[in-house]
Amino acid sequence: MSGDAAAEAAVEAGWQAARDDGRAQAELLEAAYGEPRLRRWFPWASMGELHFSRCTENPWSWGIPYVHPAYGGPYSVAGPHRNQVVGPAAAADEAIALVVQDLPADWGPAFFGDREALAAHEAATRRHRTREDQESS
């Protein structure tokens with residue numbers, strides 16, 4: 001199985017595991033899965049929060065905002081770091097819209113591996129692109 005196929009299989013298994021374990025609300029999971037930009041990343045839930053990782057293995061990446069139950073309202077979107085607040089959301093689809101509103105367009109599907117392997121892969125890709133740009137100038 002290629003890295004891309006393995007990543008796709010791991011992501012789909014992650015979505016199923018998130019549905020099965022009940023740590024995130026079903027309506028939130030379905031709204032997130034319905035968003036193509038999020039469906040290609042690995043979901044993980046903790047303490048009612050729904051996170052999205054650009055890699056398929058723990059330790060997960062933390063570059064994507066996440067959703068958690070809010071005091072006085074259904075949801076709040078934060079992140080990507082814990083001290084950053086994106087905003088409140090009255091419904092699951094609103095929360096998902098807040099998650100994706102500022103995502104970089106060039107982020108592809110999940111990488112098969114952990115965040116260190118993802119960082120190494122992205123650094124190598126940047127070096128390769130820089131070398132190609134220099135050669136074409």
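## Strand pairing

Strand 3 (residues 66–70) runs antiparallel to strand 4 (residues 73–78), and the two share 5 bridges. Strands here are DSSP runs of E with at least two residues, helices are runs of H or I with at least four residues, and both are numbered from the N terminus. Two strands count as paired if DSSP finds at least two bridges between them. Opposite Pro 69 stands Tyr 75 in strand 4. The hairpin of strand 3 and strand 4 has 2 residues between the strands, and Gly 72 there takes a positive phi near 80°.

Strand 4 also pairs with strand 5 (residues 85–89), again in the antiparallel sense, over 4 bridges. The hairpin that strand 4 and strand 5 form has 6 residues between them, and in its turn Gly 79 has a positive phi of about 100°.

## Basis of the model

The model is predicted, with local features needing pLDDT of at least 70 and side-chain atom pairs counting only at pLDDT 80 or more, while totals for chains, interfaces and linings use all residues. Residues are numbered from 1 along each chain as its sequence is written, and side-chain values use heavy atoms, with hydrogens and water left out.

Is Ser 76 buried or exposed? Ser 76 counts as buried because its relative accessibility is 13%. Buried means under 20% relative accessible area, exposed means over 50%, and partly exposed lies in between (1.4 Å probe, protein chains only).

Ser 76 lies in strand 4, and its bridge partner in strand 5 is Pro 88. Pro 88 is also one of its contacts, where contact means heavy atoms within 4.5 Å.

## Aromatic pairs

The whole structure contains 7 aromatic pairs. Rings of Phe, Tyr and Trp (its six-membered ring) pair if their centres lie within 6.5 Å; planes under 30 degrees apart count as stacked, over 60 as edge-to-face and the rest as tilted. The pair of Trp 15 and Phe 52 is tilted, because the ring planes stand at 40°, with the centres 6.4 Å apart. This pair links distant parts of the chain, since Trp 15 is in helix 1 (residues 3–21) and Phe 52 is in strand 2 (residues 49–53), 37 residues apart. Trp 15 has 0% relative accessibility and so counts as buried. Phe 52, at 1% relative accessibility, counts as buried too.

Trp 41 and Trp 107 have ring centres 6.0 Å apart and planes at 75°, so their pair is edge-to-face. Here too the pair links distant parts of the chain, 66 residues apart: Trp 41 is in the loop between helix 3 (36–39) and strand 1 (42–46), and Trp 107 is in the loop between helix 4 (92–100) and helix 5 (115–136). Both Trp 41 and Trp 107 are buried. Ring pairs also join Phe 42, Trp 44, Trp 60, Trp 62 and Tyr 66 into a cluster.

## Ala 92 in helix 4

Ala 92 lies in helix 4 and counts as buried because its relative accessible area is 6%. Apart from neighbours within four places in sequence, Ala 92 is in contact with Glu 27, Leu 28, Ala 31 and Tyr 75. Thr 125 is 33 residues from Ala 92 along the chain, and their C-alpha atoms are separated by 35 Å.

## The chain as a whole

The protein chain has 5 helices and 5 strands, in the order α-α-α-β-β-β-β-β-α-α along the sequence. Its C-alpha atoms fill a box of roughly 55 × 30 × 25 Å, taken along the principal axes. Of the 137 residues, 39% are buried. Among contacts between residues at least 6 apart in sequence, 47% join residues at least 24 apart.
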